[in-house]
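Work through the exercises below with the sequence and the model open beside you. Try each task before you read its solution.

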Amino acid sequence: VTGSTAGTRYYRVKTYNSQRTCLSNVESVLVWNVTVQDLGVLPVDAMSYATDVNDAGQAVGVSVHTSGAEHAFFWNGTALTALPQLNGNVSVATAINNAGVIVGCSYDATAGQIRAVRWTYSAPNWTIEDLGAADNGFAVAINDASPAVIVGTRFPPGGVSVAYQWVAGTGASDLTLGLPPTFSTQAFDVNDAGKIVGNFVNPVGVPFPFLYTSTGITYLGFP
């Protein structure tokens, strides 16, 4: 997709005197256009969907085979490229930063797990890297810091998910949230300051949002 999100914005300005009598009533309408571009599919695939785009207009997403198998792709503004996979036939690209680093997940048939991964490009090839987080899992976001921070969620046996972060040179580490081990946690996004948002779910299934920083966690509650 190129261009801005389509839509119509309305606003109304009313002016009142001291007796609350309406003196004027002005309405304005702003409409802007959007250009939609079909990114296509990988060969022999049936459908595709995009998941993220960076400031350069590079996009990532998933192309779906007629069998239902999903394959992560990179779109450079002209054509789709199939990203390499681990030892399996399923991969999903979820995010791309402004340096062109992509994160997501890929199935490793040898390990029998969905693994959190990142893809980096060095001409002429893309390289896939297992982020090394324990258990099944996926990466959902990457920021533009140096080194970049990647966040995601892993799924150890027992059904309780665990939010984690990954930093080059440091590796993967669980977020220290100070919650009982029966609480599930998930990370959703990270900004360039390294602040991470996500949620935790108590044993009865009630979710609560949180903000995680290097100095601690803030429970955001509900509006």
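**Exercise 1.** How many salt bridges does the structure hold?

*Solution.* This is a predicted model, in which local features need pLDDT of at least 70 and side-chain atom pairs count only at pLDDT 80 or more, while totals for chains, interfaces and linings use all residues. Residues are numbered from 1 along each chain as its sequence is written, and side-chain values use heavy atoms, with hydrogens and water left out. Next comes the term itself: a salt bridge is a side-chain nitrogen of Lys or Arg within 4 Å of a carboxyl oxygen of Asp or Glu. With this definition, the structure holds 4 salt bridges.

**Exercise 2.** Find the salt-bridge partner of Arg115, and state where both residues lie in the chain.

*Solution.* Begin with the distance: Arg115 pairs with Asp130, and their closest N and O atoms are 2.9 Å apart. The pair links distant parts of the chain, since Arg115 belongs to strand 9 (residues 113-122) and Asp130 to strand 10 (residues 125-130), 15 residues apart. Strands, like helices, are DSSP runs numbered from the N terminus (strands E, at least two residues; helices H or I, at least four).

Then consider accessibility, where buried means under 20% relative accessible area, exposed over 50%, and partly exposed in between, with a 1.4 Å probe and protein chains only. Arg115 counts as buried because its relative accessibility is 9%, whereas Asp130, at 30%, is partly exposed.

**Exercise 3.** In what order do the 4 strands of the open sheet follow one another?

*Solution.* Two strands pair if DSSP finds at least two bridges between them, and the order is 7-8-9-10, with antiparallel pairing. Strand 7 (91-96) and strand 10 are the edge strands, each pairing on one side only. Between strand 9 and strand 10 there are 6 bridges.
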